[in-house]
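Welcome! Please take a look at the model below before reading on.

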Amino acid sequence: MRCARRARVLVDGASRSDSYSRCVPYASVNDVELFYETHGDPSDPAVVLIAGLGVQMIDWPDYFIEPIVASGHLVVQFDNRDIGLSTQFPAGNSDITAVMEAVLEDKDAGVAYTLTDMAADTVGLLDVLGIETFHCIGVSMGGMIAQQIAVSYPERVLTLTSIMSTVGPEVGAPTAEAVEGITKPVTTEVRKERIEQGIATARIWASPDHYDEDRLRRMFERSWDRIGGDQSKNGARQLCAIIASPSRADALAKLTVPTLVVHGTSDPLITPAGGDRTAEVVPHARLLKIDGMGHDLVPAFVPTILAAITELVASSQAG
């Protein structure tokens with residue numbers, strides 16, 4: 001497998017699935033260290049998965065990754081800056097209200113980074129891996145980063161899939177309940193209590209008919225144990241990066257990259273208007289609206305999403 005020189009461990013598929021093996025190194029990119037994994041044959045076309053706000057790369061489910069690898073693609077996933085095992089930022093404005101006010105007044109918001117920086121991280125990682133072109137899939141904030149990659153590096157992107165995302169803070173605003181959930185201060189640093197708080201918050205934007213508390217509990221426990229604690233403040237800095245980043249609508253309107261936009265009809269965190277607007281501005285984009293899907297990737301909806309991605313990839317190759 002293709003690994004950076006600082007690779008720490010190579011595991012033969014048993015750690016996740018016998019269907020593929022993975023390489024687990026760090027890459028030095030844009031003055032940060034990104035922790036990443038690759039799955040599959042490095043000679044296959046690459047698919048990069050970009051995670052959302054405050055979410056570690058391990059939250060991409062096996063039932064999303066494995067079919068992509070089985071279809072003959074190399075999957076690349078990583079911890080965004082300021083989350084998981086990648087570089088953490090001790091500084092930078094994490095006061096959400098202050099950043100919003102600064103943006104409205106056209107002042108310097110003092111954020112540690114923006115979505116443009118995070119897009120550059122992704123492309124820099126692929127440079128380290130020697131990957132020239134790739135299929136780009138992002139969820140939520142990851143969808144915003146994926147959009148920015150397609151705008152800033154269109155020659156590198158074979159296809160763009162933007163899932164439960166939006167073109168900017170001006171459209172797809174969360175419901176009042178979701179705002180309260182995402183901005184609610186952490187009340188404890190005790191593992192069990194923090195996990196329970198996370199589960200309760202995630203319930204707000206879960207797909208209503210597919211809420212699985214046991215699955216969420218396992219996800220929060222694994223995330224906590226992987227880093228040995230909580231990263232809520234890091235998520236606040238990432239949210240500030242979203243707020244401080246300008247709308248991508250005008251730039252996306254000039255995009256020629258084949259694009260799929262996926263959004264759930266029951267998403268309260270980035271409401272369906274965000275997906276509608278994304279599909280509206282990107283020329284020839286396909287909009288896949290999934291009835292009953294919230295702001296999560298549950299097993300019930302993933303086959304539909306993957307089928308649409310497969311169709312997008314096939315159409316791009318045919319063109």
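This is a predicted model: local features need pLDDT of at least 70, side-chain atom pairs count only at pLDDT 80 or more; totals for chains, interfaces and linings use all residues.

Residues are numbered from 1 along each chain as its sequence is written, and side-chain values use heavy atoms, leaving out hydrogens and water.

Let us start inside. The largest nonpolar core has 52 residues, and Phe134 and Ile149 touch the most other members. Apart from it lies another core of 28 residues, including Phe64 and Val302. Such a core is a set of buried Ala, Val, Leu, Ile, Met, Phe, Trp, Tyr and Cys residues joined through side-chain atoms within 4.5 Å.

Next comes a helix pair. Helix α3 (residues 115-128) packs with α4 at about 75 degrees, their axes 9 Å apart. That makes α3 roughly perpendicular to α4 (a label for angles of 65 to 115 degrees). The contact (heavy atoms within 4.5 Å) is made by these residues:

| Helix | Residues in the contact |
|---|---|
| α3 | Leu115, Thr116, Met118, Ala119, Thr122, Val123 |
| α4 | Met141, Met144, Ile145, Gln148, Ile149 |

By class, this contact has 8 nonpolar, 3 polar and no charged residues.

Is Ser140 buried or exposed? At 9% relative accessibility, Ser140 counts as buried (under 20% relative accessible area, with a 1.4 Å probe and protein chains only). Not counting residues up to four places away in sequence, Ser140 touches Gly52, Ile163, Met164, Ser165, Ile270 and His295.

Definitions and conventions: Buried means under 20% relative accessible area, exposed over 50%, partly exposed in between (1.4 Å probe, protein chains only). Axes are lines fitted to C-alpha atoms, for helices over the stretch in contact, and angles run from 0 to 180 degrees between N-to-C directions. Helices (H or I, at least four residues) and strands (E, at least two) are DSSP runs, numbered from the N terminus. Angles under 35 degrees count as roughly parallel, over 145 as roughly antiparallel, 65 to 115 as roughly perpendicular and the rest as oblique. Ala, Val, Leu, Ile, Met, Phe, Trp, Tyr, Cys and Pro count as nonpolar, Asp, Glu, Lys and Arg as charged, and the others, Gly among them, as polar.
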